[in-house]
Structures are given as C-alpha cells and as structure tokens.
Amino acid sequence: MALQGGAKGFDKVLKMIDDMVSLLAHEQEADDGKKSYCEKELDTAEDDKKVLGVKLSDLDKTIDDMKESASTLAQEISALLKGIKDLDQAVKEATLIREQENAEYKKVMQMDTAAKEILKMAKNRLAKFYAPKMYKPPAREERSTMDRIYESEMSMTQTSANPGPPPETWGAYQKRDQEGGGVVAMMDLLITDLDKEMVAAKTEEKDAQEEYEEYVAGAAAKRATDTKATTDKEGEKSALEASLTHAKQEHKDTVKDMYMKETLIKDLHLECDWLLSSFEVRKEARAGEVDSLTKAKAVLSGADFS
C-alpha cells in the first residue's frame with residue numbers, strides 16, 4: 001500500500017493509536033491520583049482511629065476513677081452524717097443525765113438544808129432549857145401557837161422549886177447544862193456532817209456542770225466541723241457527678257466517632273484495596289500497551305524494526 005502511495009490511508013489509524021495512548025496516559029494519571037488519595041486517606045483515618053482509641057482508653061480510666069471517688073465520697077458523707085446523728089444522741093443522753101444529777105443535787109441540798117434547820121431548831125430549844133444564855137428566841141411574827149405553848153411550859157418548869165440535894169444513894173447532882181451537853185454536841189456533829197455533805201455536793205455539782213458544759217462545747221465544735229465537712233464533700237460529690245456525666249457523654253460521642261471512623265476505613269478499603277493491590281500490575285500493563293501502540297504507530301509510519 002505504501003508503494004502504491006497509500007500511506008495517507010493510515011492517518012485515521014494513527015490518530016486512533018494516538019487517542020489510545022492518550023487515554024492510557026489519562027487512566028494512569030487517574031490511578032496515580034487515586035492511589036495517592038487512598039494512601040493519604042487511609043493513613044489519616046488510621047491515625048485518627050488510634051487517637052480515638054487512646055481517648056476512649058483515657059475516658060474509661062477517668063470514668064472508673066470518678067466512680068470510685070464518688071463512691072468513696074458517698075461513704076464518707078454517710079459516715080459523717082451517722083457521726084453527727086450519734087453525737088446528737090450522745091449529747092441528748094448526757095443532757096438527760098445532767099438534768100437527773102442536778103435534780104438529785106437539788107433534792108439532797110433541800111433535804112440537808114431542812115435537816116440542818118430542824119437540828120438548829122432542836123439545838124436552840126435545848127439551849128433554852130439547858131443554857132438559856134445561848135437561846136435565841138424566834139422572831140415574834142414567826143412564833144407559832146405550838147411554840148408559845150412550848151415556851152410557856154418550859155418557863156413554868158424553870159420557875160419550879162429547886163429539888164434540893166439528891167439522896168445520899170444517888171450520884172452527885174448535875175446541872176442541866178451538863179446533862180444536855182452531850183446531846184448538843186451530837187447535834188453540832190450532825191450539823192457539821194451535813195455541812196460537809198453539802199459542800200461535797202456543791203463541789204460535785206460544780207465539777208459535773210463544768211464537765212458537762214465542756215463536753216457540750218466540744219460536741220458543738222465537732223458537730224460544726226463535721227457539718228461543714230459534710231457540706232464540702234456533698235459539693236465535691238455534686239461537682240464530681242457533673243464531671244462524670246460530662247465524661248460519659250464524651251465517651252458516648254467518642255464511641256460514635258470511632259464507629260464512623262471505622263466505617264470510613266471500611267469504605268476506603270472497599271474502594272481502594274483492589275486498586276492498591278493491582279496498581280503496579282496495571283501500571284506495567286499500560287506501559288506495555290503504550291509501548292506496543294507506539295511501535296505499531298512507528299511501523300505504520302514506515303519505520304523498520306527488523
């Protein structure tokens with residue numbers, strides 16, 4: 001055909017060859033771009049997945065620590081509240097005991113005072129008979145009918161005739177003040193014992209009251225301290241629970257992000273794995289096709305490859 005001048009008849013074929021070579025070049029460029037895209041996206045997605053994995057691990061640990069801290073705070077708050085309740089009960093019991101002790105003290109003081117008054121009255125009346133100089137008459141307005149009768153009888157006794165000397169068979173006569181001295185001394189001793197008992201009771205009452213007041217003051221201070229500690233821990237627990245809620249939501253969002261990232265990686269593998277695994281084979285095949293087409297074009301153009 002060339003000898004017959006038919007070379008121009010290959011122009012269409014040559015153009016087709018050029019178009020095929022150009023198409024193969026475009027396909028290779030597309031594969032190159034796709035390969036770069038796939039490698040970049042897969043690397044980025046895998047890196048993001050690792051970051052999300054570390055974040056999830058950290059959040060898991062943080063949530064566990066927060067739960068443990070919240071549980072510890074709840075136990076501490078419970079212990080503080082129980083301690084305050086027990087302390088209040090102890091103060092209540094101590095107050096009841098103090099009231100009972102005080103009532104007993106007042107009763108003892110009242111009885112001892114009454115006993116002293118009775119003894120003093122009896123001593124005074126004995127003094128009227130045995131030692132008139134030591135007798136102290138009661139105030140006129142305080143004298144009762146019985147007192148007036150008693151005084152009248154005693155006066156009559158004192159003005160009676162002197163009995164005279166006793167018979168020889170009797171002992172020596174004793175004056176009335178000598179006869180009553182033992183009884184008066186005994187009354188003085190009883191009054192002294194009552195005074196001692198009252199002083200001891202007052203001292204014991206004073207010490208018991210001071211001890212009670214000291215205990216109540218200490219209990220009040222401890223209650224105030226424990227109440228403040230309870231309030232602080234409750235506030236800390238509330239803040240911790242709010243942080244825990246936020247951490248749980250962040251964990252939930254991160255799990256969702258992880259799922260989406262894993263889905264993206266899966267889609268990228270579906271889209272890219274075949275290309276990446278066959279890229280070199282496809283590139284080599286295209287190069288072979290381009291080389292063959294180039295040689296065919298050369299032959300058609302009159303090149304001799306013999």
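Predicted model: local features only at pLDDT ≥ 70, side-chain atom pairs only at ≥ 80, totals over all residues.

Reply: Let us begin with a disulfide, that is, a pair of cysteine sulfur atoms within 2.5 Å. The torsion about the S-S bond of cysteine 38 and cysteine 272 is about -75°, so this disulfide is left-handed. The two residues belong to distant parts of the chain: cysteine 38 is in helix α1 (residues 11–130) and cysteine 272 in helix α3, 234 residues apart. Helices here are DSSP runs of H or I with at least four residues, strands are E runs of at least two, and both are numbered from the N terminus.

Me: How many disulfides does the structure hold, and how far apart are the sulfur atoms of cysteine 38 and cysteine 272?

Reply: The structure holds 1 disulfide. The sulfur atoms of cysteine 38 and cysteine 272 are 1.9 Å apart.

Me: Is cysteine 38 buried or exposed?

Reply: The label rests on relative accessible area: buried means under 20%, exposed over 50%, and partly exposed in between, with a 1.4 Å probe and protein chains only. Cysteine 38 is buried, because its relative accessible area is 0%. Cysteine 272 also has 0% relative accessibility and therefore counts as buried.

Me: How many helices and strands does the protein have?

Reply: There are 3 helices and 0 strands, and the pattern along the sequence reads α-α-α. Buried residues make up 20% of the 306 residues.

Me: What share of the contacts joins residues 24 or more positions apart?

Reply: A contact means heavy atoms within 4.5 Å. Among contacts in the protein with a separation of 6 or more, 89% are between residues 24 or more positions apart. Tyrosine 105 and lysine 202 are 97 residues apart in sequence, and their C-alpha atoms are 7.9 Å apart in space.

Me: Which residues does lysine 261 touch, and is lysine 261 buried or exposed?

Reply: Lysine 261 is found in helix α3. Not counting residues up to four places away in sequence, lysine 261 touches Ala45, Asp48, Lys49 and Leu52. Its relative accessible area is 19%, so lysine 261 is buried.

Me: How many salt bridges does the structure hold?

Reply: A salt bridge is a side-chain nitrogen of Lys or Arg within 4 Å of a carboxyl oxygen of Asp or Glu. The structure holds 23 salt bridges. One of them joins glutamate 39 to lysine 35, with the closest N and O atoms 2.7 Å apart. Both residues lie in helix α1, 4 residues apart, about one turn of the helix. Glutamate 39 is partly exposed at 33% relative accessible area, and lysine 35 is partly exposed at 21%.

Me: Where do the partners glutamate 205 and arginine 98 lie?

Reply: The side chains of glutamate 205 and arginine 98 meet in a salt bridge at 2.9 Å, N to O. Glutamate 205 lies in helix α3 and arginine 98 in helix α1, so the pair ties together parts that are 107 residues apart in sequence. Glutamate 205 counts as buried at 11% relative accessibility, and arginine 98 counts as buried at 5%.

Me: Which residues are linked in a network of salt bridges?

Reply: The network links Glu27, Asp31, Arg282 and Arg286.

Me: Which residues form a nonpolar patch on the surface?

Reply: Patches are made of residues with over 30% relative accessible area and no salt bridge; like charges are joined within 9 Å, and nonpolar side chains (Val, Leu, Ile, Met, Phe, Trp, Tyr) within 5 Å. Accessible areas come from the Shrake-Rupley method with a 1.4 Å probe, and for residues only the protein chains shown count as cover. Val183, Met186 and Leu190 form a nonpolar patch, with about 240 Å² of accessible area together. Leucine 190 is in helix α3 (residues 176–300) and is partly exposed, with a relative accessible area of 38%.

Conventions: Residues numbered from 1 in each chain as written. Heavy atoms only, no water.
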